[in-house]
Each structure stands twice: as structure tokens, then as C-alpha cells.
Amino acid sequence: MPVSAIRAEGVSMDFGSLRVLHGINVDVSEGEVVAVLGPSGSGKSTLLRCLSWLTPPTEGAVYLQGERLGVAVAPDGRQSRLSAAKLARQRSRIGMVFQSFNLWPHLTVLGNITEGPVQVLGLRPGEARERAMTILETVGLAAKASAYPATLSGGQQQRVAIARALAMQPELLLFDEPTSSLDPELVGEVLDVIELLAARRTTMVVVTHEIAFASEAATRVIFMDGGRIVEDTLPATFFRDPAEERSRRFLERTLRRYAQFGSHRSAEG
Amino acid sequence: MVDLAILSQALPAIGTAAVVTVALTLAASLISLVVGALSAAVQLGGGPIGYALSRTYVSLMRGTPLFVQLLVVYYGLPPIGIRGQAFLAAALAIGLNSGAYTTEILRAAILAVPRGQLEAATTIGLTWGKIWRRIVLPQAFVTSLPMLTAEFTIVLKSTPLASVIAVTEMTYTGVLIQSRTYSASEVFLTIAVGYILIAQVLMRLSRSLERRTRRLRF
């Protein structure tokens, strides 16, 4: 029985009177790389934000390694909101990478990466710097340690953002369309890093539009539409023989675009 | 005609008064910054009561003349046991008045920090206090630097109002000299140059701070 890294149970999300997630159940095991696909507005990003408790869901529960997120459950079963400090601690165990990088512009690359380890995990600055430099080597940016985010390209910024998340040594990583705001020629360098992490069996949930990445690096594909999980299957099955009409249409549309313009990878040469 | 003899006699007194003007400007600006930061903080993060308190303070200060506020503070201090403290009253009144504008400057700068940065800090596991101290405020300070400089220049130019409660700052000293010597142009032109020099120092300081923090901007 594989260990569950993160599990959502009956997660629903309302924005005003609009329900954007309908009772999502999903269980991600350690070492899995889950690609979440689906058209815009299908609830992919919202699901990710619920999993990280950045946007607590309207209904349902999320469990991180079996531990309930954001909610304290007393022995007699009574539930109350978890204290801010405990919730912050839980969040620190989940790494999140955003579409728009969200680096802190007033800190250097090194400062961005060591902030969490020093301020949250209580590492000594020297230790945190060492850890950061090792990770920067991995993402190929050791030379940029003392640069400020504004001087970096989008692809470099996103790699720093990944390094920042990794420095917390999280139990899993969530990626919210990590390449969607990048120039086509910069997509490859970010996907390379994510694929490297996949090869190291890092547990990841990646919301993406990169079909090639999903089919090559993911161990599982979740296809969402209209706030529901339509398909949850192996990449090979999904791309060769999608079970649902909606997934088939989505794939046809996306692949047609690929055929026309080529994937970002081929654009890179 | 400019009478240089009168001017050379008046200069030492004007110089001493300039020190008072600078001290008053610094004290009032410091009060403004501290009160403004607190007021902006409770307005944005202090719940409905904090919000109401800060908004009331801002509208009271912006809705009444500084001249009146000076008199209210000056005559309001003796009943609480503080007497003959014209300088303190002036620093408090000008500082509290300016604090209302500083509140708005800082509030805008704080709100200008992109939400995504706060979300990134939240997912890293930083608590609210640390997010404020380490992510929001350093950036808000850099963003608001030009506006704060402008505000503190206004503080400098508000200090002559303190003459109404007999603080011997530059303008009041000028009035005293003029009433003895009847030479208005020598005295007041000199004083005007004095204000320009002080304002220049203030702006130069601010620009060098801006230069040093420029790389922190987006």
C-alpha cells in the first residue's frame, strides 16, 4: 500500500454563488508525478490552492501525510480552526510554485531561497546558504546567487522559485502552470528542472498545458472539466485512448495546435 | 537696497533659529512616520475597530487647519500637567497632522506589494508578523520614499506656524529682527534662502537613499 502524500476528500469550492469545485476526491501517493490537465476555468488552479490551503475549501478535507490541514480535531471529534502558527508550519511542508514566480524583489536570489529555511525552519544562516547553493547548482543558477530577481529572465526566475520551494525540503511540490507566463524559448529550461525532480521521485502535482511534459514525465494524468475530475489515469492510457468524450475533444484541440505550431520544445530546437 | 550691516548682525540669530527649525522638522517627521506607520498598520490589519480609529484620525487631521490643531495641542497640554513646552506642542501638532498624510502614503505603498508575493510567503510557512516585517514593510518603505520626502518637505514648511505659540524658529526670529530693525527684505530673503538650503539637504538625502534602494525595485 503506497503512502498517501496528500489526499483531498469531498473538496468543494464556492466563489459567491458559483461552485468551481464539486466534491473532488484525489489521493496522491509518495513519488507520484501527477499532471493536471483541462481547459481554462475547469478548476485546476483552484484545486491546487485548496491542496496547499492557500484558499481553504468551502467543504471537504485535505490530509497531508494523513494529517488534517487547517483544522484541529479534538479527541471527542470536535473541529476547530488550527492556530495560525500550526497552519503556517503545515504549509511549510508543501512547496508551491506559481505561474508568476512571485519572487521577493527586495531580496537577492540567495535571500529568496534562505528566507524560509532561516525564518521558518530555524536554520543558521550559514547552513541555509549552503543548502541554497546546493539547490542552485541543481537548477543551474549558482552563478546568480547574489543577483536580484529583476535582473533575471522569466525562466531563471521560475527556477529560483523552484529552488526556494525545494529549500524547505517539502513533502510534496505543487506547480500552478509553471511555464504559462514564460516566453516559448524559456519553457524548456524550467521543464528540464521539473523533469529532473520527477526522475528523483519527488512527489509533485503539476497543473500544466504542456502535453509533452504530461505524457513524458508524469506518472499519472488527471483531466478536469467543469470543476470535476473527468479522468484519472495513466498518461499512456489518457493520451492513446481517453475514456471520456470531453477528454478526447480537449486532446484533439490541443494536439491540433501542437501540430500547427509545434511544441515549445521543438521551438527551442 | 540691501543693508549688509544689518544682515551680518542678524545672521547669528537666524542661524540659531535655523537649528530650531531643523530640530522641529526632524521631531515632527519622526512623530509623523511612527504614528503614520501605526495608523496604516491598524487600518489594514486591525479589524473593524482599527480601521475606524485610523480613518477617524485621518479625517480629523485632514479636515481641520494645522493652525487650529497647534492651538488645540498647545492649550491642551497644560491641563495634563505639561506647561511651557511650546517646542513639544509644535512637534506634536505638526507631527500628528503630517501623520495622517503619512498613513495614506504608507497604506498605498503597502497595498502596492503584489498579492502573489504574500501568497508565496504564506506557502513558505512565514507567519503574518514575519510577512509584514520582512516582505511587506521593506518594499513599502522603498516605494513610498519619494512621497515621504515630499511630505517631510511640507513638514519643514509648516514649521513657521509654530511662531504663533512663540517657538523661536526661523520665521518667528525673522519677525522679531524685522520689528527691531525695520529691514524686511534683508531678513526674510535670507530666511527664504535658509528654507531652500534645508529642503535641499532633505531632498539630497532622500535621493541618495533612493539610489541605494533602486536595485530593490521591480
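Chain B has eight helices and zero strands, where helices (H or I, at least four residues) and strands (E, at least two) are DSSP runs numbered from the N terminus. Read along the sequence, its pattern is α-α-α-α-α-α-α-α. The C-alpha atoms of chain B fill a box of roughly 70 × 45 × 25 Å, taken along the principal axes.

This is a predicted model, in which local features need pLDDT of at least 70, side-chain atom pairs count only at pLDDT 80 or more, and totals for chains, interfaces and linings use all residues. Residues are numbered from 1 along each chain as its sequence is written, chains are lettered from A and ligands numbered from 1 in the order in which they are written, and side-chain values use heavy atoms, with hydrogens and water left out.

**A helix pair in chain B**

Two packed helices are described by the angle between their axes and the distance between the axes. In chain B, helix H5 (residues 115–124) and helix H6 (residues 128–158) have axes that come within 10 Å and cross at roughly 145 degrees. Axes are lines fitted to C-alpha atoms, for helices over the stretch in contact, and angles run from 0 to 180 degrees between N-to-C directions. The crossing of H5(B) and H6(B) is right-handed; that is, the near helix is turned clockwise from the far one by less than a right angle.

H5(B) contributes Gln117(B), Leu118(B), Ala121(B) and Thr122(B). They meet Trp128(B), Ile131(B), Ile135(B), Val136(B) and Gln139(B) in H6(B). Contact here means heavy atoms within 4.5 Å. By class, this contact of H5(B) with H6(B) has six nonpolar, three polar and no charged residues. Ala, Val, Leu, Ile, Met, Phe, Trp, Tyr, Cys and Pro count as nonpolar, Asp, Glu, Lys and Arg as charged, and the others, Gly among them, as polar.

**The four-stranded sheet of chain A**

Four strands of chain A form an open sheet in the order E2-E1-E4-E5, with antiparallel pairing. Two strands pair if DSSP finds at least two bridges between them. Strand E2 (18–29) and strand E5 (67–68) of chain A stand at the edges, each with a single partner strand, so one side of each is left without a neighbour in the sheet. Helix H1 (residues 44–51) of chain A packs on this sheet. H1 touches strand E1 (4–15), E2 and E4 of chain A, and its direction makes about 120 degrees with that of E1(A).

E1(A) and E2(A) form a hairpin with two residues between them. Gly16(A) in the turn has a positive phi of about 65 degrees. Residues that stand opposite each other include Ile6(A) with Val28(A) in E2(A), Ala8(A) with Val62(A) in E4(A), and Tyr63(A) with Arg68(A) in E5(A).

| Strand pair | Bridges |
|---|---|
| E1(A) and E2(A) | Eight bridges |
| E1(A) and E4(A) | Five bridges |
| E4(A) and E5(A) | Two bridges |
| E11(A) and E12(A) | Five bridges |

**The six-stranded sheet of chain A**

Another open sheet of chain A has six strands in the order E8-E9-E10-E3-E11-E12, with mixed pairing. Its edge strands are E8 (94–97) and E12 (228–233) of chain A, each pairing on one side only. The twist averages 15 degrees from one strand to the next. Helix H5 (residues 154–166) of chain A packs on the sheet, touching E8 and strand E9 (172–176) of chain A. The direction of this helix makes about 170 degrees with that of E8(A).

**Interface and salt bridges**

20 residues of chain B are in contact with 22 residues of chain A. The area buried between the chains is about 2,000 Å², of which carbon and sulfur atoms give 64%. Buried area is the accessible area (1.4 Å probe) that two parts lose on being put together, summed over both. Thr123(B), Ile124(B) and Arg134(B) supply 30% of the area that chain B buries against chain A, more than any other three residues.

Across the interface of chain B and chain A there are two salt bridges, each a side-chain nitrogen of Lys or Arg within 4 Å of a carboxyl oxygen of Asp or Glu. Arg134(B) forms a salt bridge with Glu115(A), the closest N and O atoms being 2.5 Å apart.

The structure holds 18 salt bridges over all chains. One of them joins Arg93(A) to Glu67(A), with the closest N and O atoms 3.0 Å apart. Arg93(A) lies in the loop between helix H2 (84–91) and E8 of chain A and Glu67(A) in strand E5 of chain A, so the pair ties together parts that are 26 residues apart in sequence.
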